[in-house]
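Welcome, and thank you for taking a look at this structure. Let us walk through it together, one part at a time.

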Amino acid sequence: MSSSHTQTIDSQHSASLLRFMTCGSVDDGKSTLIGRLLFDTKTILADTLTQMTRTSEKRGLTAVDLSLLTDGLQAEREQGITIDVAYRYFSTGTRKYIIADAPGHEQYTRNMVTAASTANLAIILIDARKGVLTQTRRHSYLAHLVGIPHIVVAVNKMDLVNYDQAIYDKICADYLVFANEIGLAQSQIAAGNDISFIPMSALNGDMLVDRLENMPWYDGKTMIEMLEAAPSAHTEHNEPFRFPVQFVCRPHASDNPELHDFRGFMGRIESGEIAVGDAVTVLPNGYQSKVKAIQIGDAQLQSATTEQSITLLLEDEIDTSRGDMIVKSSEAQEPVKQIDAFVCWLSETPMSPARTYVIRHTTRESKAKVGAIHYKVDVNTLEEQATADLKMNDIARITFKLAQPLMVDSYNANRATGAFIIIDESSNNTVGAGMII
Amino acid sequence: MTTKQENPRQPLTHLDWLESEAIYILREVAGQCSNPVLLFSGGKDSLCILRLAEKAFRPGRFPFPLMHIDTGHNYKEVIDFRDQRAAELGERLIVRNVEDSMARGTVVLKSADESRNKHQSVTLLEAIEEFGFDCCIGGARRDEEKARAKERIMSFRDEFGQWDPKNQRPELWSLYNARSHKGENIRAFPISNWTEMDVWQYIEREKLQLPSIYFAHQRDVVMRGGSIVPVNVPLVNGEVANPVKAGEEIINMQVRFRTVGDISCTAPVISDADDVSKIVLETATSTITERGATRLDDQTSDASMEQRKKEGYF
């Protein structure tokens, strides 16, 4: 802990951003880890700390319970558990972090999948006294399924095993055996991604922001050094250009006559790059044109890249609306009317194979019917089981038949165009999440 | 044709990323909702959203009007600024007043000096019904308060405007679900992932104009219950809010506001930061959270924000 209490100011506003998630239960020290990261980066301010101290005292605790910071809602505070994904923020000056904090119990598979969907790094917590458990397998499988590129296995509570290197080494070896079994290690390596290991004590702060002196045998990165070094982008590969149209801007009623023919296609580049002059195809109709201009607000750009929200102007007048996808002509995919996907069911109402659902994929929607449920996966044993329906937290491989064509890529190749959600039109609820195979 | 980059591409800076995400969310609202509205108070967060809306929709007009729920107890500087900004943008501004709800009898104050802040919910719900809005865009951020940390980007409210924390739609990837049935409502929060620091850095980068009371100025205050309370505040209608009470000593102090809202519950902080770059520095060195320092309404209990949200508050 440092005595001066000052957040670092991001130099020239040029800090990068990393979204990560933590997997584990309260018993693994997950909330303490997050509390410690926020505390050591000076993100917890005095009044919040005072409130935490008061609550800790009220509960009869002797030290300030850092986990109180992440227990957000009244119901959770009363029960002393977290039941929903919470988002936390901290900054180191060179990087801004968004933490998705998901509860780790088995019945919260849906929360883990939710948190994982936007994360580029997962910290999987293991209690040094307990080693690799069923829940470690579950968390690793889910992180793998949702395609998180960087996995950090954090062996926590080293203070309770006398900072013993032999115990740490054994847990790392056990984890690798298991990671090989589920294909995690291989696919991480094949995709150019990584699994890292770190011994730590979230309670004491060993190897988080400060190294401290208890584990001289570990010369790897501290947790914060790992977070600082992890790439921001979901992938460093060159992905094809994918631009789902969100909104079409046609200000023809404007007083400015120059705008009478303005037709701007607004959206966010979900992957790849685009430049003025590039030949593009608008799917599913297949119209061809060239990029005339790229704008963000008033600014004219020569090119734009992944995750930028832009307005695209084309050379030709093409009838395009929300839900269409603009791609480079050389990289166009075939629209499909059937998809095969891993689905995580999110709703308390089970999936009924007889019903019609709505699938939302990028900015496009289609009615969908279940063609076949191939099997569901036991997230603890990873066994495939036959099933006739899907209950909350189930993960299954399903084929859907679609009323409208969708422009998809496989989830492994492209997270944004490989993902979809399932909506129940009677309640409008989001009831499922899918990853296209 | 362009050649492919050999090097891994440069990731966006955090401000560019946050800006792009917010623009994306605003366009999703425009694409998915049939009658949205942007809540605009003249405060710094909603001013950021106006800039984001310009970047999202120009050269077209905003696909939604602006609306302010006015308690009648707002700082004159902010109200004037609100009107000026809406006029500059050429966008439609709707104002609905808590005082009209009081006249209708739908808002009943416990006492004449009770804060009108929480009663904004009633007037907001009345306005939603009047115009048939299916989505309200707001400037709430997850870092503001504990109960907001689990808030969705697209937050579902039932016919009574109630937020049920246990019945929120899962939100995965950037696939936001803003569907609603008639009478129901979505609250959309494009700057959910921004912190107070991000907001100030964005204001600095975009050179946004703000109401003067965000900057250090001399003001008459008293100390009341451990907080700095502005007194004898002139209102738009010529009346004076927060009259000094018997026995209180008026101090003229150099202060600024970190958040701006209803006068009864917005306290200033002592500060000499008179421009944006000094405020960025002050925000970085602050030891107190934004709401802890300045929102008298959140100090009532550990769960007070959650309670207000359940009742339909933003």
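Chain B falls into two domains: domain 1 covers 15-197 + 305-310, and domain 2 covers 211-297. Please keep in mind that this is a predicted model. The C-alpha centres of domain 1 and domain 2 of chain B are 24 Å apart. Where they meet, 19 residues of domain 1 of chain B are in contact with 21 residues of domain 2 of chain B. On the domain 1 side of this meeting place, α3 (76-89) and α6 (196-206) of chain B each provide at least two residues. The largest share of that side belongs to α3(B), with five residues. Sorted by class, the side of domain 1 of chain B that touches domain 2 of chain B holds five nonpolar, seven polar and seven charged residues.

Stepping back for a moment, chain B as a whole has nine helices and twelve strands. Of its 314 residues, 51% count as buried. If you take the contacts in chain B with a separation of 6 or more, 75% of them come from residues 24 or more positions apart.

Now let us turn to the sheets of chain B. One is an open sheet of six strands, which you can follow in the order β3-β2-β1-β4-β6-β5 (chain B), with mixed pairing. Its edge strands are β3 (93-97) and β5 (154-157) of chain B, each of which pairs on one side only. On average, neighbouring strands of this sheet are turned by 30 degrees against each other, direction ignored. To see one pairing up close, find strand β2 (residues 66-70) of chain B: five bridges join β2(B) to β3(B), and the two run parallel. Here B:M67 stands opposite B:I94 in β3(B).

Another open sheet in chain B has four strands in the order β8-β7-β11-β12 (chain B), and its pairing is antiparallel. At the edges stand β8 (227-230) and β12 (269-270) of chain B; each has a single partner strand, so one side of each is left without a neighbour in the sheet. Strand β7 (residues 217-224) of chain B is joined to β8(B) by four bridges, and these strands run antiparallel. Across this pair, B:R224 stands opposite B:S227 in β8(B).

Finally, let us visit chain A and its strand β4 (residues 121-127). Seven of the seven residues of β4(A) are buried, so this strand is largely enclosed by the rest of the structure. Both of its faces are covered: one side has the buried residues A:L121, A:I123, A:L125 and A:D127, while the other has A:A122, A:I124 and A:I126, also buried.

Which strands pair with β4(A)? One is strand β1 (residues 16-23) of chain A, which is joined to β4(A) by four bridges and runs parallel to it. Within this pair, A:M21 has A:A122 in β4(A) as its bridge partner. Another is strand β5 (residues 150-156) of chain A, which pairs with β4(A) in the parallel sense over seven bridges. There, the bridge partner of A:I126 is A:V155 in β5(A). From β4(A) the chain crosses through helix α5 (residues 134-145) of chain A to β5(A), and this β-α-β crossover is right-handed.

Key:
Residues numbered from 1 in each chain as written. Chains lettered and ligands numbered in written order. Predicted model: local features only at pLDDT ≥ 70, side-chain atom pairs only at ≥ 80, totals over all residues. Pairing = 2+ DSSP bridges. Axes fitted to C-alpha atoms, helices over the stretch in contact; angles between N-to-C directions. Buried ≥ 20, exposed ≤ 12 C-beta atoms within 10 Å, placed from the backbone. Right-handed = clockwise from strand over helix to strand, strands pointing away. Domains from an automatic or database assignment. Contact = placed C-beta atoms within 7 Å. Nonpolar A, V, L, I, M, F, W, Y, C, P; charged D, E, K, R; others polar.
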